[in-house]
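Keep the 3D view open as you read.

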Amino acid sequence: MRANPYQGPPPPGPYVNGQVVYGGSPDAAGLPWAAPVMPAPAPAGPVAPVPAAVPAPMPALAAAGAAPAMDTQVARELKRQVAAELHQQLSRLNEASGTEADRATRRQRGRALIEEAVARWSDAYAQTHGIPPTRDQDRALAEAVYDLLFRAGRLQPYLDDPEIENILINGCDDVWVSRVHQPLRQVPPVADSDEELIELLQDLARQHGGGERSLSTASPMLALRLEGGMRLQAMTEVTPRPYVAIRRHRVASANLRDLVQLGTVDTTLAAFLAAAIRARKNVMITGTQGVGKTSLLRAMAAEIPPDERIGTLESEFELWLHTLGHLRQVVPMEAREGNGERVDGRLAGELTIGELIPAALRMTLSRIIVGEVRSGEVVPMLRVMTNGEGGSMCTLHARGPHMVVDRIAELCLEYGSHMTDSLAYRLTANAIDFIVHVTMVDETAVGGRRHRFVSHVLEVAGLGESGRPAMNTVFGPRPELGEVRAVPVTPPHSLDDLRRAGFDAGLLASPYGTWGAPLNLRIGGMR
């Protein structure tokens with residue numbers, strides 16, 4: 001994990017002309033605090049001087065004769081100076097070339113300006129105290145400024161930690177993380193104030209580059225993707241403090257073989273799901289939040305023949321099928337948020353997943369994959385599954401596998417007043433071939449692990465006698481055997497289609513699947 005900028009306790013003050021007045025309260029070692037006066041930065045090369053509105057950096061804080069300790073405000077003020085200088089440089093560059101500088105150029109020039117700004121600060125500190133900061137301290141400060149300007153500031157160390165799955169922020173000083181197989185624990189603040197936290201989120205929205213995403217009074221909710229594929233959701237104004245939730249997909253490039261190793265599926269179920277994709281069956285993956293629906297969807301998509309042309313539709317890119325390299329023709333589409341203004345009752349500039357689907361159908365796609373169905377877009381998705389060549393997939397939030405049909409009907413009713421339960425059931429029966437439900441058993445509170453696994457595979461077998469879709473449990477848990485994971489239960493009606501796609505029907509004969517033993521749970525199951 002990258003080191004945080006070196007920090008120290010706040011000075012006791014007061015200030016006169018930027019200098020801490022001596023005679024204030026001593027620190028824990030009994031020594032007073034002192035701070036250098038920062039000179040205004042000299043212009044670098046052809047860059048004009050920083051405007052007077054840009055404040056000088058906050059002083060470094062150190063006990064007499066001790067190594068300097070840097071308050072995080074130093075990094076923030078240097079970031080503002082560098083941002084102003086960088087803006088001037090890029091404006092001149094854009095005027096000269098007639099085109100806007102790309103991301104790599106902005107970061108390269110920003111890195112050079114950061115090094116110059118840190119060097120000026122370091123020289124000023126050495127002149128004031130006679131003790132220069134160490135090279136490691138200068139490097140840590142430069143990284144902190146770079147993270148503030150181009151990345152996620154003090155959030156970045158948590159984003160860089162591959163063991164962290166969730167980051168929950170309830171105001172700047174109430175931050176929690178969950179690591180793999182560990183319960184939530186509180187960690188140091190990511191900002192000195194809620195205002196600074198909101199400023200950080202606004203910077204991230206500007207860096208996103210995917211439409212008009214912002215966080216403000218007019219747009220109090222923000223959803224975006226971060227570097228590395230993490231997903232951020234933030235809220236302010238409608239909450240007493242800014243609240244943020246960040247989720248990481250730890251198995252971003254996993255295939256079904258990888259999920260076998262992780263214990264999500266056994267080799268029997270992996271072979272079945274792979275055959276379902278090759279046989280162009282429409283699949284809906286369900287489960288609660290954080291159980292691994294997107295990871296399973298991505299792994300199943302790896303079974304699509306590489307030359308097929310597919311489209312992905314997401315609110316924020318999480319599947320990344322267009323970057324993983326297996327599929328040669330992927331048309332990735334991302335929904336666009338509005339700019340806060342309403343025109344005829346809707347946000348100006350907004351494009352929803354449901355509105356993208358008709359355009360996607362004109363892109364000569366053999367399959368459409370929707371990252372998550374959340375609302376009325378379920379209707380055009382079901383129509384795509386019904387009218388297309390088959391093989392499309394999506395995910396849906398549902399607490400249990402037998403709630404899925406009613407959950408689909410709920411979302412269908414949001415599509416318009418002409419929609420009815422019976423029409424929703426008929427759409428579901430005609431469109432979906434298999435429902436794959438993912439479950440998580442979290443035993444971290446009792447010293448165990450988080451177990452994520454497929455618990456059910458249901459075949460949708462047309463309309464039943466009651467007008468609801470008929471469901472056939474192909475894979476499910478076997479409580480009498482102490483197994484909570486999905487094992488073979490009943491052969492599907494479409495078994496011949498799967499056999500033509502290479503599935504060995506003999507695999508369904510084992511009631512235990514290919515698990516070596518029942519799942520070892522601390523509570524429940526068989527020990």
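## Aromatic pairs

A search of the whole structure, which is a predicted model, turns up 6 aromatic pairs. Take Phe272 and Phe503: their ring centres are 5.6 Å apart and the planes stand at 90°, so this pair is edge-to-face. The pair ties together distant parts of the chain, with Phe272 in helix H7 (residues 267-278) and Phe503 in the segment after helix H14 (495-500), 231 residues apart. Are these two residues buried or exposed? Both Phe272 and Phe503 are buried.

The Phe317 and Trp320 pair is tilted, because the ring centres lie 5.9 Å apart with the planes at 50°. Phe317 has 10% relative accessibility, so it counts as buried. Trp320, at 21%, counts as partly exposed, since buried means under 20%.

The charged end of Arg111 is placed over the ring of Tyr146, 3.9 Å from its centre. Arg485 does likewise with Trp515, lying over the face of the ring at 3.6 Å from the ring centre.

## The chain as a whole

Stepping back, the protein chain has 14 helices and 21 strands. Of its 527 residues, 50% are buried. If you look at contacts between residues at least 6 apart in sequence, 59% of them join residues at least 24 apart.

How many disulfides are there? The search of the whole structure finds 0. As for individual cysteines, Cys172 has a relative accessible area of 5%, so it is buried. Cys394 is buried too, because its relative accessibility is 0%.

## Helix H11 and its neighbours

Two packed helices are described by the angle between their axes and the distance between the axes. For helix H11 (residues 378-387) and helix H12 (residues 404-413), the axes come within 8 Å and cross at roughly 115°. On the H11 side, Val378, Val379 and Leu382 make the contact, meeting Ile408, Leu411 and Cys412 of H12. What classes of residue does this contact hold? It has 6 nonpolar residues, with no polar and no charged ones.

H11 is mostly covered, with 7 of its 10 residues buried. Those buried residues are Val378, Val379, Pro380, Met381, Leu382, Val384 and Met385. What do they pack against? Besides H12, they pack against strand E11 (283-287), helix H10 (353-361), strand E16 (367-373), strand E17 (393-397) and helix H13 (421-431).

## A few spots off the core topic

Asp442 lies in strand E18 (residues 434-442). Leaving aside residues up to four places away in sequence, Asp442 touches Arg449 and Arg450. Asp442 also has a C-alpha to C-alpha distance of 8.3 Å to His181, although the two are 261 residues apart in sequence.

Where is His181? Look in the loop between strand E6 (175-179) and strand E7 (185-187). His181 is not a glycine, yet it has a positive phi of about 60°. Arg280 also has a positive phi, near 60°, and is a residue other than glycine. You can find Arg280 in the loop between H7 and E11.

Then there is Arg257, which is placed in helix H6 (residues 256-262). The C-alpha atoms of Arg257 and Thr267 are separated by 7.9 Å, and the two residues are 10 apart along the chain.

| Residue | Relative accessible area | Class |
|---|---|---|
| Asp442 | 40% | partly exposed |
| His181 | 26% | partly exposed |
| Arg257 | 59% | exposed |

Why is Arg257 exposed? Its relative accessible area is 59%, and exposed means over 50%. Asp442, at 40% relative accessibility, therefore counts as partly exposed.

Conventions:
Residues are numbered from 1 along each chain as its sequence is written. This is a predicted model: local features need pLDDT of at least 70, side-chain atom pairs count only at pLDDT 80 or more; totals for chains, interfaces and linings use all residues. Side-chain values use heavy atoms; hydrogens and water are left out. A disulfide is a pair of cysteine sulfur atoms within 2.5 Å. Buried means under 20% relative accessible area, exposed over 50%, partly exposed in between (1.4 Å probe, protein chains only). Rings of Phe, Tyr and Trp (its six-membered ring) pair if their centres lie within 6.5 Å; planes under 30 degrees apart count as stacked, over 60 as edge-to-face and the rest as tilted. Helices (H or I, at least four residues) and strands (E, at least two) are DSSP runs, numbered from the N terminus. A charge sits over a ring if NZ of Lys or CZ of Arg is within 6 Å of the ring centre and within 35 degrees of the ring normal. Axes are lines fitted to C-alpha atoms, for helices over the stretch in contact, and angles run from 0 to 180 degrees between N-to-C directions. Contact means heavy atoms within 4.5 Å. Ala, Val, Leu, Ile, Met, Phe, Trp, Tyr, Cys and Pro count as nonpolar, Asp, Glu, Lys and Arg as charged, and the others, Gly among them, as polar.
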